[in-house]
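Take a walk through this model, one feature at a time. We begin with a sheet and then turn to the aromatic rings.

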Amino acid sequence: MKSLRDQGLWPWWTVDGFKLALFRPLDSLWHALDYRVWPNAHWFMHAESILVFAATAFFAALLYRRLLGATVAAGIAALIFAVDDAHSTDIGWVANRHAVLSTLFGVLALVAHDRARRDGWKPGVFLAPLALLGAVFSGESGLSALAYLFAYALFLDRAPLRSRAVALLPHVGVALVWFAAYKLGRYGAAGGAFYIDPLRQTGAFIRAVGVRLPVLLAGQMAAPRADVWILWPPNETRSLVSICLLVLLVVGGGIFAVLRRDRNAAFFALGMVLSLLPACAVWPSDRLLLFAGIDGAEGRTLVVVSAPDSMIVNTVMAAWVNETAPLPSALRVLSTAVGGTLKVGRADDRTLSVTLSDGFFRDPMATVFRDMQKAPLRMGDRVPVGAMVAEIVSVTEDGKLPSRVDFHFDRSLDDPSIVWVVWEKTRFVPFVAPKVGETRDLVVVSYQTAVGG
């Protein structure tokens with residue numbers, strides 16, 4: 001972990017003991033094949049994702065037809081699934097292909113299970129668990145298929161209870177295989193607040209469900225979009241949850257009567273709610289990805305004075321690696337500013353001072369690397385990162401976040417081995433370090449502007 005932080009692949013505030021290891025073997029193998037066989041055919045990688053989603057939409061339509069019959073309702077449900085704007089980022093973001101792939105396998109598991117239970121199709125007894133295995137080994141979201149299988153046994157399977165339970169045992173076995181692989185491979189998350197590991201942080205996960213589930217449900221059923229969570233002020237989360245609960249109350253009141261008399265509706269409703277539980281381990285979002293480019297830093301230390309998001313530069317670094325482009329010798333992201341004021345000063349020849357009126361780590365992605373409630377940075381703390389030391393000089397009035405950090409380098413800030421950049425509107429631009437004793441006010445770019453232009 002220390003070596004990654006020293007190189008700058010993880011930011012300076014990454015907490016000791018940080019861990020982020022996601023278990024997605026099938027998806028990872030597919031990406032590895034892509035970059036081994038056709039590394040520069042980006043259009044083909046996008047085409048692959050589109051084809052996977054097209055297959056998912058096809059089998060989802062088949063599932064709707066099997067459950068609802070050849071009806072208008074089945075057709076509308078299939079159309080809504082195919083054109084839902086929440087799926088657009090999953091399709092367009094190649095790195096998020098795991099979500100589409102796990103959904104495809106999950107839907108296949110449901111179709112095969114339904115045929116086995118409803119039509120007595122014997123191959124389905126084996127194919128359904130096999131498809132579920134593909135779902136969970138494609139990504140953590142594949143666990144959501146278990147929710148629909150449970151809801152199926154509860155509402156749609158008309159066999160005796162013992163027979164229903166026996167039919168679910170192979171799927172429970174698949175879940176146990178996944179769990180064993182997850183544990184033996186030492187996968188999981190630790191140290192940050194963005195991701196929660198339900199297996200290691202059970203209490204925190206249960207609390208997160210109470211806050212995040214209403215936002216996800218409201219985004220799925222009506223409004224607002226789940227992405228609003230990222231833009232909502234962190235200290236006003238309760239107001240967002242209250243709005244979402246109100247939306248759910250209004251929408252839910254209209255469908256409650258339907259759920260009581262329609263077993264299909266009850267199946268979909270319970271499956272939807274339970275399937276969102278795994279998603280509560282991460283901040284609610286419809287998934288956003290922003291790509292940016294920086295040039296001229298090969299072999300030198302690249303210092304990002306401020307950016308609207310903690311992961312933007314890392315995304316660029318990953319692209320450079322894929323393209324075998326020259327890399328900086330080290331990367332330093334000093335701050336992420338999404339609101340308030342930003343002042344940059346120079347205390348001495350080797351020290352840059354950054355002051356944020358709203359405090360550091362306000363952008364959502366900053367919490368990936370450190371949970372400030374569990375591992376706060378206090379005034380006087382010094383964090384060594386390679387040849388740089390970050391010193392906490394002052395904190396916000398509530399004492400929760402640093403407000404001024406002095407960055408001490410091992411050489412003059414004017415040394416040509418350092419390349420300085422800062423975010424402006426929708427891209428990085430060159431930055432010239434201030435003179436000793438000088439302080440500058442920099443423009444804070446909102447996340448909406450950075451993403452939308």
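Four strands make up an open sheet of mixed pairing, in the order 4-3-10-11. Strands are DSSP runs of E with at least two residues, helices are runs of H or I with at least four, and both are numbered from the N terminus. Two strands pair if DSSP finds at least two bridges between them. At the edges lie strand 4 (330-333) and strand 11 (427-430), each pairing on one side only.

This is a predicted model: local features need pLDDT of at least 70, side-chain atom pairs count only at pLDDT 80 or more, and totals for chains, interfaces and linings use all residues. Residues are numbered from 1 along each chain as its sequence is written, and side-chain values use heavy atoms, leaving out hydrogens and water.

Strand 10 (residues 418-424) pairs with strand 11 in the antiparallel sense, over four bridges. There, V421 has P430 of strand 11 as its bridge partner.

Now the rings. Rings of Phe, Tyr and Trp (its six-membered ring) pair if their centres lie within 6.5 Å; planes under 30 degrees apart count as stacked, over 60 as edge-to-face and the rest as tilted. The count by this rule is 23 aromatic pairs. F23 and Y187 form a tilted pair, because their ring centres are 4.7 Å apart and their planes stand at 45°. F23 is buried (under 20% relative accessible area, with a 1.4 Å probe and protein chains only; exposed is over 50%, partly exposed in between). Its relative accessible area is 7%. Y187 is partly exposed, at 25%.

W423 and F428 pair edge-to-face, 4.8 Å centre to centre with 90° between the planes. Both W423 and F428 are buried.
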